[in-house]
Amino acid sequence: MRELRFVITPFCNYKCFFCHSESIANRITLYLNPSDYEFMAKVAKNQLGWNTCTLTGGEPLISPIFREVCEKIKNSGIDITVVTNASLLARPTEMLKDIVQINVSVHTMSPDVYGQITQVNYPLENVLSTIVNIRAKLPKLTIHLNYTVIKNLNDSGADFERFIKFAGKIKAKAKFIDLSTTDETLRTEALEIVRRLEGLGFEVRGANPWQYYLLRNTEEVKVVKCPFNGKYEDLPVRDIFVEPNGILYRSFGGYLAVDALNEIKSRNAVGLLQKINILLG
Ligand code: SF4
């Protein structure tokens, strides 16, 4: 299931020390408007059969065009997932009315560790109560809770259990992600995370090149390989990211980027498709 992943803003109100977007936030130009995103989503749907897309960042909810992008894409019959830190979701029914799934970055159930990771004063407690409120107000929304695993910070079995229990309580899926870093002292490989979960009684019930699916009675969790990790260059290409300056790049398959700004702005569907196909290989 491939899709376009729209980085609608590189900016974020958090400063997570492992963030991928920080390096680009100061030098990227935001050329794309809501109609541009609608055009790309329609090309992907009509030409490639990709019926979903993801809005990501940075923090997509701080983008002034967030709502308009959602409306346009939803009206094109495409399902939208939003990746968010949930700090700006006090009015979920309004902000998420066109959304089928949110992936919330939580990373820990410890307030202290949350502060160490996010480097801001926004309390974990507020995020957790926002997630509970979202579930109460939007019972059909699919919620995934993301947990980036950092060695010796949030990687104990007890840490995992608390997170899995919270996810279960609000009918969300717990998703563990390995950290993309060159600092091996911080990194726990995806397979090592799987082994840790097996130690908690989970069993691997499925896998593809990018993730593992595990089950313990009725509890389901996923372990996902981070696409920004250079160690996974040999894996098949998965999704296509679109930066706000019209640069497209692929996740997995080795880093490769193309500039599609002209094709997007001139509504050249054939040209855009050619650029996407270069990335798909
Ligand atoms: S919340 Fe996400 S986008 Fe924001 S700083 Fe943290 S990792 Fe980066």
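Helix α2 passes helix α3 in a right-handed crossing, where right-handed denotes that the near helix is turned clockwise from the far one by less than a right angle, and left-handed anticlockwise. The contact is formed by Pro-34, Ser-35, Tyr-37, Glu-38 and Ala-41 of α2 together with Glu-68, Val-69, Lys-72 and Ile-73 of α3; two residues are in contact if their C-beta atoms, placed from the backbone, lie within 7 Å. This is a predicted model, in which local features need pLDDT of at least 70 and side-chain atom pairs count only at pLDDT 80 or more, while totals for chains, interfaces and linings use all residues. Residues are numbered from 1 along each chain as its sequence is written. Helices (H or I, at least four residues) and strands (E, at least two) are DSSP runs numbered from the N terminus.

| Helix pair | Axes come within | Crossing angle |
|---|---|---|
| α2 (residues 34-48) and α3 (residues 66-75) | 9 Å | roughly 30 degrees |
| α2 and α10 (residues 269-280) | 10 Å | roughly 75 degrees |

Axes are lines fitted to C-alpha atoms, for helices over the stretch in contact, and angles run from 0 to 180 degrees between N-to-C directions. Angles under 35 degrees count as roughly parallel, over 145 as roughly antiparallel, 65 to 115 as roughly perpendicular and the rest as oblique. Accordingly, α2 and α3 are roughly parallel to each other, whereas α2 and α10 are roughly perpendicular to each other. The contact between α2 and α10 is made by Met-40, Val-43 and Gln-47 of α2 and by Ala-269, Leu-272 and Leu-273 of α10.

Helix α2 has 15 residues and reaches 21 Å from its first C-alpha to its last, close to the 21 Å expected at 1.5 Å a residue; the expected span is 1.5 Å times one less than the number of residues. Its buried residues are Asp-36, Tyr-37, Phe-39, Met-40, Ala-41, Val-43 and Ala-44. A residue is buried if 20 or more other C-beta atoms lie within 10 Å of its own, exposed if 12 or fewer, and partly exposed in between. The cover over the buried residues of α2 includes β1 (4-7), β2 (52-56), α3, β10 (240-242), α9 (261-265) and α10. Gly-49 follows α2 and has a positive phi, near 70 degrees.

Helix α6 (residues 124-137) has 14 residues and should span 20 Å, which agrees with the 20 Å between its end C-alpha atoms. The buried residues of α6 are Val-127, Ile-131 and Ile-134. Seen down the axis of α6, these residues fall within an arc of 60 degrees, so they line one face of the helix; the arc is that of the directions from the helix axis to the C-beta atoms. They pack against α4 (92-95), β4 (101-105) and β5 (142-149). The face of α6 turned away from its buried side carries the exposed residues Glu-125, Asn-126, Ser-129, Ala-136 and Lys-137.

Leu-141 lies in the loop between α6 and β5 and is partly exposed, with 16 other C-beta atoms within 10 Å. Not counting residues up to four places away in sequence, Leu-141 touches Leu-96, Ile-99, Gln-101, Ile-102 and Ile-134.

Val-204 is found in strand β7 (residues 203-208) and is partly exposed, with 14 other C-beta atoms within 10 Å. Val-204 and Leu-214 are ten residues apart in sequence, with their C-alpha atoms 4.3 Å apart in space.
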